[in-house]
Structure formats: structure tokens, C-alpha cells
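Please go through them with the sequence and the coordinates side by side.

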Amino acid sequence: MQNMNINWKNIDKKSQNEVESWLSEADRQNLCMQSKNWQETAEDISFCLKNMKNGQFRNVVGYINNQPAVALMFGVEHSGEVLNLYNIIVNPQFRYKGVGKQAVKDLINNGDKIFNLNKTYKEIKASTLPMNHISKKLFSTCGFSSCSFDGEYLVFTKYLSQNNQIEFCK
């Protein structure tokens with residue numbers, strides 16, 4: 001499934017329930033959602049970003065062949081300087097087929113067009129727990145570099161090039 005076309009939509013109640021059905025206990029632990037669901041987490045982040053200068057938030061689901069395949073939660077923060085990928089989850093039926101990579105590529109390469117973001121950011125960050133090997137591999141193969149450990153999370157950063165395109169996603 002290389003270079004697949006993902007059709008993105010804002011999450012509604014029906015797709016919210018679908019995304020919830022994808023989350024195993026391990027997924028919930030990796031996404032730090034043991035005590036909250038996807039929607040509650042999205043609402044908390046959205047509330048925080050509303051009060052930030054140039055803050056933006058998106059909670060979207062991606063469809064492949066009219067089937068929900070991946071969900072993303074991301075936002076612009078730090079006075080518009082950073083696009084932060086908070087959560088990504090792939091439908092178990094679509095895992096290990098490159099869907100996560102394509103979702104990250106869509107966000108990096110076309111975030112302003114696909115997701116209607118005001119592109120003020122110069123870098124993209126994604127955090128994961130050190131034990132989440134799948135996310136670490138995803139971010140590394142999409143050109144992020146592990147820049148820090150904040151005591152709980154590995155923080156990956158992708159600095160955008162002059163043309164704001166990702167150079168590679170292996």
C-alpha cells in the first residue's frame with residue numbers, strides 16, 4: 001500500500017466510536033489514555049490550544065476505500081512555531097501496511113492544504129513512551145530525529161526544509 005490516498009475528515013461521533021474500538025489495552029497505555037477516551041483527550045488538548053497565541057487543533061480520521069483506517073490528533077502550539085502530533089492510531093485491519101507512514105507524510109507535506117492549518121510552524125514534534133517501538137520506528141523512518149528525553153517521553157523533532165516538504169519517508 002505505498003503512496004496510498006487517504007481521504008481525511010474531522011472526527012464525528014460515529015468515527016469517534018470506531019476509533020475507540022481500535023484501541024487495545026496496549027494502545028491505550030502507549031497513547032496515555034488509560035483513564036480517558038480518544039474524545040476526552042482531544043477535548044482537553046483543544047481546550048489548552050484555544051488559549052495559546054496562534055494555537056490550532058485538529059482531530060481527524062483517514063479513510064482508505066471508504067473504510068476508516070487511521071486517526072490523528074495534532075495541533076499548532078508555542079506561538080505557532082511547532083506542529084505537535086499528539087496521537088496516531090491505525091485501525092488493526094490496516095496495521096503494518098504503511099498507513100501510519102502515509103498519514104505522517106500527509107501531515108508533514110500537506111498539513112496546510114489537507115487539514116486547513118495556518119502554516120506558521122517550522123518544526124514538527126511527536127512524543128512517545130520509550131517502550132513504544134512501533135512509534136519510535138515510524139518517526140525515525142519519516143525523518144524525525146530523537147532530540148530529547150523529557151523524563152517520561154522520547155521527543156522526536158522534524159525540522160522543515162525551505163520548501164516545507166519531508167525529504168524522505170523510508
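**Notes on the predicted model**

1. The side chain of threonine 41 makes a polar contact with the backbone oxygen of asparagine 37, at a distance of 3.0 Å. Please keep in mind that this is a predicted model. Threonine 41 is placed in helix H3, which covers residues 38-50, and its relative accessibility of 12% falls under the 20% limit, so threonine 41 counts as buried. Leaving aside residues up to four places away in sequence, threonine 41 is in contact with Met33, Lys36, Met73 and Asn87.

2. Which residues of helix H1 are buried? In this helix, formed by residues 13-22, they are Ser15, Gln16, Val19, Glu20 and Trp22. These residues lie on the same side of H1, because the arc they cover around the axis is only 155°. Lys13, Lys14 and Ser21, by contrast, are exposed on the other side of H1.

3. The cover over the buried residues of H1 comes from several elements, and it includes strand S1 (7-10), helix H2 (25-30) and H3, together with the strands S2 (56-64), S3 (67-77) and S4 (82-90).

4. Helix H5, made up of residues 133-141, has Ser135, Leu138, Phe139 and Thr141 as buried residues. Their packing partners are S4, helix H4 (99-114), strand S5 (123-128) and strand S7 (154-159). After H5 comes glycine 143, and its phi is positive, near 90°.

5. How many aromatic pairs does the structure hold? There are four, and one of them joins tryptophan 8 to phenylalanine 115 in an edge-to-face arrangement, with 5.3 Å from centre to centre and 65° between the planes. Because tryptophan 8 belongs to strand S1 and phenylalanine 115 to the loop between H4 and S5, this pair ties together parts that lie 107 residues apart in sequence. Tryptophan 8 is buried, at a relative accessible area of 12%, and phenylalanine 115 is likewise buried, at 4%.

6. A further pair is that of phenylalanine 139 and phenylalanine 144, whose ring centres are 5.5 Å apart and whose planes meet at 55°, so the pair is classed as tilted. Phenylalanine 139 has a relative accessibility of 3% and therefore counts as buried, while phenylalanine 144 is buried with a relative accessible area of 6%.

7. Two other points concern aromatic rings. Trp8, Phe74 and Phe115 together form one aromatic cluster, and lysine 9 sits over the face of tyrosine 63, 5.0 Å from the centre of the ring.

8. How many disulfides does a search of the whole structure find? The search returns zero. Cysteine 32 takes part in no disulfide, since the nearest cysteine sulfur, belonging to cysteine 48, is 15 Å away, whereas a disulfide would need the two sulfur atoms within 2.5 Å. Cysteine 48 is also in no disulfide, and the nearest cysteine sulfur to it is that of cysteine 32. Both side chains have intermediate accessibility: cysteine 32 counts as partly exposed at 34% relative accessibility, and cysteine 48 counts as partly exposed at 46%.

Key. Residues numbered from 1 in each chain as written. Predicted model: local features only at pLDDT ≥ 70, side-chain atom pairs only at ≥ 80, totals over all residues. Heavy atoms only, no water. Helix = DSSP H or I, 4+ residues; strand = E, 2+ residues; numbered from the N terminus. Buried < 20%, exposed > 50% of the residue type's maximum accessible area, 1.4 Å probe, protein only. Polar contact = N/O pair within 3.5 Å; in protein donor to acceptor, adjacent residues only side chain to side chain. Contact = heavy atoms within 4.5 Å. Arc of directions from axis to C-beta. Phe/Tyr/Trp six-rings, centres within 6.5 Å; stacked < 30°, edge-to-face > 60°. Lys NZ or Arg CZ within 6 Å of the ring centre and 35° of its normal.
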